[in-house]
Structures are given as C-alpha cells and as structure tokens.
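Q: Please take a close look at one helix of this protein. I would like to know which way its residues face and what packs against them.

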Amino acid sequence: MESEEGLRRAAEVLSGASEVALACHMNPDPDAIGSMLGLASFLRDRGATTVCSFGNDPFEPPKWVDLLPGGDDLVAPSAFPKAPDIMVTLDTASLDRLGSLVGRVQHAREVIWIDHHVSNDGLGTIPVIDPGASSTCEMIVRLIRAMGGELTADSATCLYAGLVTDTGRFQYQAVTPETLRLAADLRSQPFDHTHLVQALYDDNSVGYLKLLGTALHRVIFDEDADLTWTYLTREDLADAQVHPSEADDMIDIVRTARESDVAAVIKQQMDGRFKVSLRSRGSTDVSAVAQRFGGGGHRLAAGYTGKAGLHETLGELTAALSEAPKSA
C-alpha cells in the first residue's frame, strides 16, 4: 500500500487548499477521468476551486464523459494554470503520460502524485502510490476518508465508473474484499448505475462493430511467441469513423483466446505511431515488456506506444516477450 505518510500529507495539503489543478494521463480511460472528476467534485463541495484537464492535442474528451458529473467543466490544456500552487496527477505512471501538461509539474509548488501502476516513477513532492490497489479511484476514496469527508452522489458516480472498468467488472486479480465493499458503498449513492454501465460497455456504433470484425478477421496466433495478436491502421479507423480511443476495449475480446498467454492489439494512432495494448492470462509479466519501450502498467495488463512501423513493432514485441519474466 501507499505510505501512510504520503496519504496523510496529501489529505493535509488538500484540506487546506483553496485552488487545486488536477490532471490525468493522455487518452484517458474511466479510471483516469473518474478519479480526477471524483476528487474535484469532493474538493468543490468543500469550497475549493478546481480545474481539470489532460494533455491531448487536439483535446477531445471521450463520449462517455458527458455522463459524469463535472465532465462539462473539463478544460483544454491551454486553459490549465501555467504554474499551479497545488497540482494533483491521477492514474499517471510516468511524466511523459501527461503530454502537453508536463511543464506544469515543473512549475507547481506542490505535486500530489496518485497512482496504482506498478511501473510508476514515484514522482511528485507527495507521491501516493499503491500498486496493490485495484484502481486509482479506490485510492481516491481512501484519500477522501482520510480528509474526513463524506462521499456524495456526484463523486460516487465518477469513482464507480473508474472502479468498475479498471477491475474488468470485478474480475481482475487486484480485486480484493475491500474493493467489493467499496463498490457497495459507492453503489449505495443515488446515481443511475444501469445507465452509467450501459454507456461504458454497451454503446457502440455500427462502424465500431464493423471495425471489430476487421480486427478479429486479422487475428494471428503465434505459437512460438505464445501470443495472439491483431492490428488496426489509421485507414481502418477512418473508414469506420471510429476514434482510436473508442477501440481501446478490443483487447478485452482478443485476450479471451485460450491458445496463448499473451494477447495484443496493435493500433495506429493519429500521428502514425502504433499503440500496443497487452494482456496476460497469468504467466507473463507484460508490464516488464511495456517498460522496455517506455510504457507501463500492471503485470497482467500494460501498454506502450512504438516508434517504428507495424512489422518492426511486432518484431520488437515478440523479441521482448521471449525475455519477459514468467511465472508458473
């Protein structure tokens, strides 16, 4: 768990804050945005002024953000304070994952770095890191409790979104009895649970379904690398009118292949680089693989962005898998 000292210091600083700037990682998932908006909502209820953003350019929040309280208050990186007095980073494993907001860290007086990735750099003036936590949202609930506050329906909505998605609907290894008790506490708040989960999991376009068909048609099982993989190009995404971030969940379908321990979806981004999403069924530490290429994550779920073309990226991946730590 994160050090009690780090959690105590973070609670103390935020309890006395009148203005807080919060940032999460680029291409944010529900845990990143949910922890950011959940904490921001709690701080606003205590009288603080908050500003929330992430370092993508162009700045395009995911569609499901509209369902989260405070989602309409997100600002583009250009509107984020240049030298915030107190800055909080959420679910961000490394400095570069802040994108265009990297410079704000260097000019902030106090940086509270809250994250649960095992590959976290441990940055910030107050690091609050717990690789054993199921999600950053779980850590935010601990922080709120340390501050002596009560969860509201708005905060609970945001935090539940991150908790349910980062645990794979409570099926991943990091789920503990504490995680399930926390989910029950959040669920007891009066928000539309069914509508929220439908928006997160069951709200795809016909174009997405066709794109999924393309990805599944290309699936390859590489027995030597113990890898099942597929890929998507910019052209595939453009033809389907699907943003790259909307295809992030495809890895959860590819990873169901029983023939291999590791699954990968290699997806070309708007800038031409290939993002590699990795999942392990238990034997391979994919976070070690991702860290070799500047990425990170967890032992069974990680990712990185390659710097070469598709074939070179695949070659680098299979070579790294051959050297990755294995467990029985």
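A: This is a predicted model, where local features need pLDDT of at least 70, side-chain atom pairs count only at pLDDT 80 or more, and totals for chains, interfaces and linings use all residues. Residues are numbered from 1 along each chain as its sequence is written, and side-chain values use heavy atoms, with hydrogens and water left out.

First, the setting. The protein chain has 12 helices and 11 strands. These are DSSP runs numbered from the N terminus: helices are H or I with at least four residues, strands are E with at least two. Of its 328 residues, 52% count as buried. Buried means under 20% relative accessible area, exposed over 50%, and partly exposed in between (1.4 Å probe, protein chains only).

Now helix H6, residues 177-187. Its buried residues are Thr 179, Leu 182, Ala 183 and Leu 186. Seen down the axis of H6, they fall within an arc of 105°, so they line one face of the helix. That arc is taken from the directions from the helix axis to the C-beta atoms. The general rule: an α-helix has 3.6 residues a turn, so residues three or four places apart point the same way.

The face turned away from the buried side carries exposed Pro 177 and Arg 181. Cover for the buried residues of H6 includes helix H4 (136-146) and helix H5 (153-166). Contact here means heavy atoms within 4.5 Å.

Contacts across the protein chain reach along the sequence too. Among those between residues at least 6 apart in sequence, 63% join residues at least 24 apart.
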